[in-house]
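The sequence and the structure come next.

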Amino acid sequence: MKQIIINEKCNGCGMCVVKCPNYFESNDDGNAQVIKGVLAGNDAVLNTVISECPVKAISFGGEVNIKQSLQEEVNKLKAFANGLNVKREDIAFTDAYCTVTTFPYVGSSSYEYSSSSSAERAGLSKFRDRAYSQIDSKILDVITSYRVNIIKPYYSTDEKSVYTQLNKKISDVLTAVSNLIGKNKLPSDFCNVDVYPERDTVWKMLEKGEIIGENFVSIVRREFKYSASDYQTYIDWDDMEDYRGKDKYCYRAQEAVEELRKDVQSAVRWARSDIEENSLGYVNGIVNDYNRKLKTFLDKKLSIIAKFVV
Amino acid sequence: MLIELALVGTLAYSADKSNKMDEQALAKRSKAYTREAEARELVYRKRNAADKKMQIVAKRKRAVIESTLPKFIEVYQKIQKIDLNISDKNDLVVYNNFNLCNTVKSMETVIKQPLTDKQLITEVIFKGITGYMIADSKRNLSAAKSQLSAANVVYSQAQSVAEVYDAIIGRSERISNLIMRMNALFLGSISETEKVISKNGTDVRAYTEHDKGILMTCVNIAAAMSDIINIPVLDENGELCRSAVEMIQTGEIYLEQMNEMINQ
Ligand code: SF4
């Protein structure tokens with residue numbers, strides 16, 4: 001039995017996949033790949049396909065020692081039994097999540113105040129009501145975005161889930177094993193991998209945003225030191241004479257709002273490390289459960305394979 | 001794009017009076033933000049998947065145009081030297097009323113026009129498909145009474161967009177599969193034709209009816225192939241082209257018939 005090789009010249013025309021579906025399949029990019037563990041015997045259709053490949057991308061490799069190949073696949077499975085090892089960098093709260101978007105608009109008033117101080121006071125009051133009161137909401141927004149994009153793969157079962165992705169890799173190895181041993185000698189569901197952690201309380205709270213959500217606002221809040229009145233210096237005023245020749249004043253609060261946005265953003269950055277550490281704790285709780293189940297699952301598979309690896 | 005627009009609406013909600021949000025308000029916001037972030041993520045994921053499938057369609061087309069068609073043209077030039085009587089009847093499945101010269105000409109034109117990646121840009125799709133959805137979304141947002149109901153509007157809009165992407169994905173897969181199967185048939189036919197010509201040379205009298213049938217089948221497949229290559233996933237406005245469905249169906253039926261005929 002020989003190895004089949006497809007080189008980088010493959011243009012994805014798909015001819016080999018159509019004509020020899022037992023040997024070839026399309027990968028995610030649309031190019032052909034050899035089905036894991038499939039080897040070439042003396043097959044006329046396969047030979048025709050190799051000669052008809054329009055870019056001559058398919059060839060035979062060397063003879064394969066099935067026993068050795070099987071052992072290599074077993075070693076891969078054993079390595080998978082270590083499960084997922086989530087590191088801090090896997091759940092990094094990167095700069096992309098530290099961006100605090102603009103606060104609700106607090107612009108300038110009309111020239112309606114009789115003194116500069118009353119205009120400033122009105123500006124500060126508006127600033128407090130419209131912008132400063134939104135700090136928690138803004139913090140929550142960035143944390144939620146982080147949770148949904150970075151943490152969700154650890155509490156979901158869709159195609160982006162880390163469990164689904166590892167299950168797929170394991171299934172590929174099992175497919176290779178099954179092709180080396182012979183599909184008919186193994187149970188029909190041998191290559192199916194459907195291992196997921198328990199949807200426990202932490203999982204459900206993550207889904208609802210109760211953790212890595214509301215509970216993290218206080219972490220960022222700790223890093224935010226300013227009171228609303230600290231922004232008074234950024235509230236400006238302007239004056240003009242009205243039709244009676246009286247001075248009238250307005251406030252301008254844009255600069256204060258922008259300063260506030262920057263300060264909240266800095267607080268988020270300062271809190272990064274605490275956010276990551278706490279998140280890692282939650283994630284590891286779920287991942288450990290997956291790893292336990294995966295180990296049991298792989299032990300069963302390895303005991304089936306052991307009968308064929310003598 | 002739609003999601004971004006819709007989110008502008010959610011910013012318009014009045015601010016809480018207290019400096020620190022109470023727990024209940026925060027919990028509600030949390031749900032709303034989760035919905036919004038999930039909506040964005042859903043659209044992003046579907047957009048990428050659709051983009052990938054469309055790239056595969058383009059890849060298959062490119063493969064046919066760059067590798068298979070030049071082989072056919074080479075063979076076709078040899079066929080031209082044989083004075084085949086085209087009106088000779090074979091048990092061929094006739095694909096439309098093909099005209100040999102036009103078919104080859106149209107394929108030569110396709111070869112000269114490199115496929116641009118423009119057709120892969122799904123951003124363009126959005127302008128066409130979702131124009132009406134944006135207006136609808138804005139209307140619903142202005143009627144939403146809380147940030148959470150606004151977030152739900154955004155999410156349901158995202159689901160509608162995701163459905164459009166799913167339709168694009170389905171269409172792309174179908175076209176890509178059709179091109180792939182037609183190409184397999186085409187390559188086999190070209191190879192058979194080459195063998196027959198190298199065996200018989202250019203003297204038409206050396207050809208049996210069966211040999212002529214092989215040559216004609218090859219030309220026939222080329223005509224069908226050139227039509228399939230031209231099936232768009234989307235039209236210039238970014239809408240799923242209705243006429244393309246008919247073209248796909250015609251192609252699929254033809255492919256079935258050819259396969260049946262070859263397997264007889
Ligand atoms: S036939 Fe050749 S070019 Fe076409 S998909 Fe297979 S390996 Fe790639």
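In this predicted model, the shell around the ligand consists of 9 nonpolar residues and 3 polar ones, with no charged residues. The residues around the ligand include a stretch of chain A made up of A:C10, A:N11, A:G12, A:C13, A:G14, A:M15 and A:C16. The ligand itself sits in the largest cavity.

| Helix pair | Residues | Angle | Axis distance |
|---|---|---|---|
| α6(B) and α7(B) | 147-200 and 209-229 | about 150 degrees | 9 Å |
| α3(A) and α6(A) | 66-80 and 162-181 | about 160 degrees | 10 Å |

In chain B, helices α6(B) and α7(B) pack at an angle of about 150 degrees. Angles over 145 degrees count as roughly antiparallel, so α6(B) is roughly antiparallel to α7(B). Their crossing is left-handed. Where α6(B) meets α7(B), the contact residues comprise 16 nonpolar, 5 polar and 3 charged.

In chain A, the angle between α3(A) and α6(A) is about 160 degrees. These two helices are therefore roughly antiparallel to each other. The crossing of α3(A) and α6(A) is left-handed.

Note on methods. Residues are numbered from 1 along each chain as its sequence is written. Chains are lettered from A and ligands numbered from 1 in the order in which they are written. This is a predicted model: local features need pLDDT of at least 70, side-chain atom pairs count only at pLDDT 80 or more; totals for chains, interfaces and linings use all residues. Side-chain values use heavy atoms; hydrogens and water are left out. A residue is near a molecule or strand if one of its heavy atoms lies within 4 Å of it. On a 1 Å grid over the protein atoms alone, a cavity is a set of points where a 1.4 Å probe fits but cannot get out, and a pocket is an open set with protein on both sides within 12 Å along at least five of seven lines; lining residues have an atom within 4 Å of a point. A molecule sits in a cavity or pocket if more than half of its atoms lie within 2 Å of its grid points. Ala, Val, Leu, Ile, Met, Phe, Trp, Tyr, Cys and Pro count as nonpolar, Asp, Glu, Lys and Arg as charged, and the others, Gly among them, as polar. Axes are lines fitted to C-alpha atoms, for helices over the stretch in contact, and angles run from 0 to 180 degrees between N-to-C directions. Helices (H or I, at least four residues) and strands (E, at least two) are DSSP runs, numbered from the N terminus. Angles under 35 degrees count as roughly parallel, over 145 as roughly antiparallel, 65 to 115 as roughly perpendicular and the rest as oblique. A crossing is left-handed if the near helix is turned anticlockwise from the far one by less than a right angle, and right-handed if clockwise.
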